[in-house]
Every structure is written in structure tokens, then in C-alpha cells.
Amino acid sequence: MIKIFVASTEDITTIRQLAYSIWPVVYADIVSREQINYMLDTRYNLQSLEEQMKKGQQFFIAKDENNSLGYAAVAPTNNPDRFKLEKLYVVPDTHKKGIGKQLLEAVEHFTIEHNGKVIELQVNRQNKAVGFYHKMQFEIEQEVDVLIGEGYYMNDYIMIKYLTK
Ligand SMILES: CC(C)(COP(=O)(O)OP(=O)(O)OC[C@H]1O[C@@H](n2cnc3c(N)ncnc32)[C@H](O)[C@@H]1OP(=O)(O)O)[C@@H](O)C(=O)NCCC(=O)NCCS
């Protein structure tokens, strides 16, 4: 049975290991290997993860009896009504078993508990996850092309979900 746990700085190594195993597989067709490495190195080094947590990003980990199978993270934004789903990643072998939905539900509960009304996220326009987010009642708000450093761009949708609709 899958359970969702609130993560702390003690789980940073687990989150990092999950990211380094999931990202090269799920982004293989849409992002260059160099860009994947750059993004992992900048966002998932131990210090960066600790800083993200200290700044208020809340992480969740999905586990079965033996293994960690995915993670999600949510953070407040400058708009008190809006929270951002910063991360949502499930181990590829275990996709389509309800884990992503369970992680998203944890993020939604956290947002509602903190008086948020909207969850926003950024997702690559080529990412199959767009279909998942539509299924979870997110809608496309706008397209953005964001320079993330070293000449790398993220060609994304911003998608939003109203929690009080
Ligand atoms: C997107 C992701 C988190 C979904 O997680 P998951 O555990 O496979 O999804 P679930 O099993 O919880 O799916 C919930 C529902 O969405 C549907 N769904 C899942 N992936 C889908 C997709 N790509 N397109 C359309 N529907 C999808 C499921 O069939 C299920 O439908 P149901 O409720 O009718 O049974 C997962 O595919 C993933 O980790 N992708 C790679 C990482 C990634 O790109 N993350 C997003 C970064 S912005």
C-alpha cells in the first residue's frame, strides 16, 4: 500500500536519489542530457535542497512497504492565494498506479490548510504530464519560455487549478 509522508531535511538524500533516477528517464525525449544534468546539479544538490526546504518548500514522499516511489513539493508564492507545485515525480515503473494523484492530493491538502485557493505549476509543453494535469482539473493559463542559465530554456505551460471551484 502506498502512503504519503511529510519529508524533512533527513530525507534530502532520498529525494536526490529519486530525482537522479527518474529525471534521465522521463525527460530523455524532451530535454537534452546536458540540460538534465545542469538542472539536477543546480536544483538537487544537497545544499540547494536544504535551502529550498528552509525557504518554505514542503516536500512529500510516496512509499510502499519497501521503497520510496515518488516525491512532490509545494511552496507559497508572492500571492497568498496561490501556491506552486514545484515538483511531482513518480518512479517510471510505477506510473499509472495512482501515486501521482495521491501526492497531488497531499499538496492540495497542504495548500488548503494554508489558506491557498489556487495551485499553479510549470510543465514542459512536450511533457505527457500535461495530460495527467488536465485529468486532475488543471487548465493552461499561459505559455512561457524561460531562460534558466547556461543558454538553457524551459518551454513551458503555466497551468492552474482552482481549489474552491
Ligand atoms: C505525471 C505523473 C506524476 C503522474 O503520476 P502517476 O502516478 O503515473 O499518475 P496516476 O496513476 O496517479 O494517475 C491519475 C489519473 O491520471 C491519469 N494519467 C496519468 N498519467 C497520464 C497522462 N500522461 N496523460 C493522461 N492521463 C494520465 C491516470 O490514468 C489516472 O486516471 P484515472 O484516475 O482515471 O485512473 C508521472 O507520470 C510522472 O512522474 N511523470 C514524469 C515526471 C514529470 O514529468 N512530472 C511533472 C513535472 S512538471
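Contact here means heavy atoms within 4.5 Å.

## Basis of the model

This is a predicted model: local features need pLDDT of at least 70, side-chain atom pairs count only at pLDDT 80 or more, and totals for chains, interfaces and linings use all residues. Residues are numbered from 1 along each chain as its sequence is written, and side-chain values use heavy atoms, with hydrogens and water left out.

Leu85 is in contact with Ala73, Val74, Leu104, Val107, Ile119, Glu120, Leu121 and Tyr133, leaving aside its neighbours within four places in sequence.

Leu85 is among the residues with the most contacts inside the largest nonpolar core, together with Leu103, Tyr133, Phe138 and Met159. That core has 25 residues. A nonpolar core is a set of buried Ala, Val, Leu, Ile, Met, Phe, Trp, Tyr and Cys residues joined through side-chain atoms within 4.5 Å. Buried means under 20% relative accessible area, exposed over 50%, and partly exposed in between (1.4 Å probe, protein chains only). Two or more residues of this core come from each of strand 2 (58-63), strand 3 (68-76), strand 4, helix 4, strand 5, helix 5 and strand 7 (152-162). Helices (H or I, at least four residues) and strands (E, at least two) are DSSP runs, numbered from the N terminus. Helix 4 gives the largest share, 6 residues. Another core, of 23 residues, lies apart from this one and includes Ile12, Ile15, Met39 and Leu40.

## Ligand shell

The ligand is surrounded by 22 residues, each with a heavy atom within 4 Å of it. The closest are Lys96, Gly98, Gly100, Asn127 and Lys135. By class, the shell has 11 nonpolar, 6 polar and 5 charged residues. Ala, Val, Leu, Ile, Met, Phe, Trp, Tyr, Cys and Pro count as nonpolar, Asp, Glu, Lys and Arg as charged, and the others, Gly among them, as polar. Helix 5 supplies the largest share of the shell, 5 residues.

A backbone N or O atom of Lys96 lies 2.7 Å from a ligand oxygen. A polar backbone atom of Gly100 is 2.7 Å from an oxygen atom of the ligand. Polar contacts are pairs of N or O atoms within 3.5 Å; within protein, one must be able to donate a hydrogen and the other to accept it, and residues adjacent in sequence count only if both atoms are side-chain atoms.

## Asn127

Asn127 sits in the loop between strand 5 and helix 5. Asn127 is buried, at 18% relative accessible area. An N or O atom in its side chain is 2.7 Å from an oxygen atom of the ligand. The Asn127 side chain also reaches the backbone nitrogen of Ala129 at 2.8 Å.
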